[in-house]
Protein chains: 2
Amino acid sequence: MVEAKHQPQYELLYHPSIPGRAEFIRLMFEATGTSYTDVANENPPDDSGLHGYALVQDMSDPNSTGDDDGNPPVFAPPGLRIHGVGKGGRPLVIHQTPNILLYLGGSLKLAGSDEPEKYYVNQLALTALDLNNETHDTHHPVAVAKYYEEQKEEALKKATDFRENRLPKFFSYFERVLKHNQSAGKDKHLVGESLTYADLTLWQVIDGLKFAFPNEMRHRSSESPLLFDTFYPSLKEEAWLKKYLDSKRRKPYSMGVFRHYPELDRQ
Amino acid sequence: MVEAKHQPQYELLYHPSIPGRAEFIRLMFEATGTSYTDVANENPPDDSGLHGYALVQDMSDPNSTGDDDGNPPVFAPPGLRIHGVGKGGRPLVIHQTPNILLYLGGSLKLAGSDEPEKYYVNQLALTALDLNNETHDTHHPVAVAKYYEEQKEEALKKATDFRENRLPKFFSYFERVLKHNQSAGKDKHLVGESLTYADLTLWQVIDGLKFAFPNEMRHRSSESPLLFDTFYPSLKEEAWLKKYLDSKRRKPYSMGVFRHYPELDRQ
């Protein structure tokens, strides 16, 4: 069974062509050198003849009551299929970004070194994901299914509050977490001495914010020196991340969570 | 040490007088008959002379770099202090509602019967909490720190989209999860045969929505019969929940996440 041997254990199911909420998951695979299939982007055919994104849409079909492997329905992408660990040894399919990060945190050893750290890591990843969601709402404050242009007036107000009040609150918080962990983490890790999914999640949100709000981020960087002078750039210099960012697996920011609308940035 | 013996293992740290995001945590304690201190509501003095809410504010002090027990800073309430399980046997302090639910799910046996169910439960609780957050945003679509009256125009638009597009999407989803689990859960449990924190979290969000959007909820109830005719009322009839809802520990809805503004409801 050569084919089975080469089949990756993990299938990532998400919209193609954008980093989006799947990027936090990709970074966990990339950081640990773990093989995975990015189903919609790699577009592989399966036995039923379905290709790529059709499999993602099938997973989150709004009429589904679950799949043939006994997994409950999925609310929305991203989803993760892990072979061999579901009920009766069948594939397990899980969704919700923080839930997938939690699962992989355990499997890929990116969740700290003991039980307290496991919960510290999880709460920091959740807080960074809240910031990610608030970033999305700056361009979609009224209706997720409508165009930005239909809610631009409200977006201007929302983005102003986000830049003036929310960003400083989040950055101050993560700066203080780095300070708390300074002797173990050396300004490079939020929890303990090693890389965790809290680091990866926060790094990705900061990277996206630098794309979406370049003026605001330049202005804010001096307020949180550990975060912007050490944490963010030192992780970016890691060999695995440089290699990944240069690869085709890393999708450019475009019309996903992180969008660059100059009118929403600091003027 | 009579005092130590009677000291509850769990201290819930949250704003007083509202159910809010702490209600999901309270329901886990109440469902399992677990003793806990609701610090701000019970207002107990401690050794330093601080009382009630001051302890909550101290926990999430915007200048804190962590507490004396080695816990990192807390972004925002709710927080949970658990005695004896932190680093070196000291108290562990964790935050982020989904993180606290995850912790208690394991400790209080409300997280399903095996590993797959643990992640099913967690993803459903996270989805119900997303609905909770979207409910909050109907009255605060622009700025969390401003009054509703300052963003009423935007709230009318946001609430319309929420009622017309988001509520049906969430309710259809949970209805299909109940259908998926029908033979084990008997329309009473989302995952497996027993109560989990996914059930409790969804129940609380539906209960709050019935307060906030009574017209809309009456209109929607026939679309999801398992959810509204069996799941919600059968849990409400449980002896422990009836007793809790009649107690002073259950705070009335007022100016928290769930607010009843008639102009935001279906007309």
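**Helix packing and local geometry in a predicted two-chain model**

In the predicted model, helix H6 (residues 115–139) of chain A packs with helix H5 (residues 97–107) of chain B at an angle of about 150°, their axes lying 8 Å apart. Helices are DSSP runs of H or I with at least four residues and strands are E runs of at least two, both numbered from the N terminus, while axes are lines fitted to C-alpha atoms, for helices over the stretch in contact, with angles running from 0 to 180 degrees between N-to-C directions. H6(A) and H5(B) are therefore roughly antiparallel to each other, given that angles over 145 degrees count as roughly antiparallel, those under 35 as roughly parallel, those of 65 to 115 as roughly perpendicular and the rest as oblique. Their crossing is right-handed, a crossing being right-handed if the near helix is turned clockwise from the far one by less than a right angle, and left-handed if anticlockwise. On the H6(A) side A:Tyr119, A:Asn122, A:Gln123 and A:Leu126 take part, and they meet B:Pro98, B:Asn99, B:Leu102 and B:Tyr103 of H5(B), where contact means heavy atoms within 4.5 Å. By class, this contact of H6(A) with H5(B) comprises 5 nonpolar residues, 3 polar residues and no charged ones; Ala, Val, Leu, Ile, Met, Phe, Trp, Tyr, Cys and Pro count as nonpolar, Asp, Glu, Lys and Arg as charged, and the others, Gly among them, as polar.

Residues are numbered from 1 along each chain as its sequence is written, and chains are lettered from A and ligands numbered from 1 in the order in which they are written. Local features need pLDDT of at least 70 and side-chain atom pairs count only at pLDDT 80 or more, whereas totals for chains, interfaces and linings use all residues, and side-chain values use heavy atoms, with hydrogens and water left out.

Within chain B, helix H6 (residues 115–139) packs with helix H7 (residues 152–180) at an angle of about 165°, with the axes 9 Å apart. This angle makes H6(B) roughly antiparallel to H7(B), and H6(B) passes H7(B) in a left-handed crossing. Among the residues that make the contact are B:Leu124, B:Ala128, B:Leu131 and B:Thr135 of H6(B), together with B:Ala159, B:Phe162, B:Phe170 and B:Val177 of H7(B). The contact of H6(B) with H7(B) has 12 nonpolar, 4 polar and 5 charged residues by class.

In chain A, A:Asn132 lies in helix H6 and is buried, with a relative accessible area of 2%; buried means under 20% relative accessible area, exposed over 50% and partly exposed in between (1.4 Å probe, protein chains only). Apart from neighbours within four places in sequence, A:Asn132 is in contact with A:Arg21, A:Phe24, A:Val205, A:Val257 and A:Phe258. A:Arg163, placed in helix H7 (residues 152–180) of chain A, is likewise buried, at a relative accessible area of 10%. Residues up to four places away in sequence being excluded, A:Arg163 touches A:Pro168, A:Phe213, A:Glu216, A:Arg220, A:Leu264, A:Asp265 and A:Arg266. The C-alpha atoms of A:Arg163 and A:His180 are separated by 25 Å, the two residues being 17 residues apart along the chain.

According to UniProt, in an unreviewed entry, the feature "domain: GST C-terminal" is placed at residues 114–254 of chain A; such positions are given in the numbering used here, feature names are shortened, and annotations may be inferred rather than shown by experiment. Over residues 114–254 the chain is 71% helix and 0% strand, and the end C-alpha atoms are 38 Å apart.

A:Glu42 is located in helix H3 (residues 39–42) of chain A and is partly exposed, with a relative accessible area of 45%. Its contacts, leaving aside neighbours within four places in sequence, are with A:Tyr36 and A:Thr37.

Backbone geometry was also examined. The peptide bond from A:Pro77 to A:Pro78 is cis, with omega near 5°, and A:Pro78 sits in the loop between helix H4 (53–59) and strand E3 (79–82) of chain A. In chain B, the peptide bond from B:Pro77 to B:Pro78 is cis, with omega near 5°. A:Ser17, a residue other than glycine, has a positive phi near 75°; A:Ser17 belongs to the loop between strand E1 (10–13) and helix H2 (23–31) of chain A and is partly exposed at 46% relative accessibility. Phi of A:Gln96 is also positive, near 75°, but A:Gln96, in the loop between strand E4 (92–95) and helix H5 (97–107) of chain A, is buried, with a relative accessible area of 11%.
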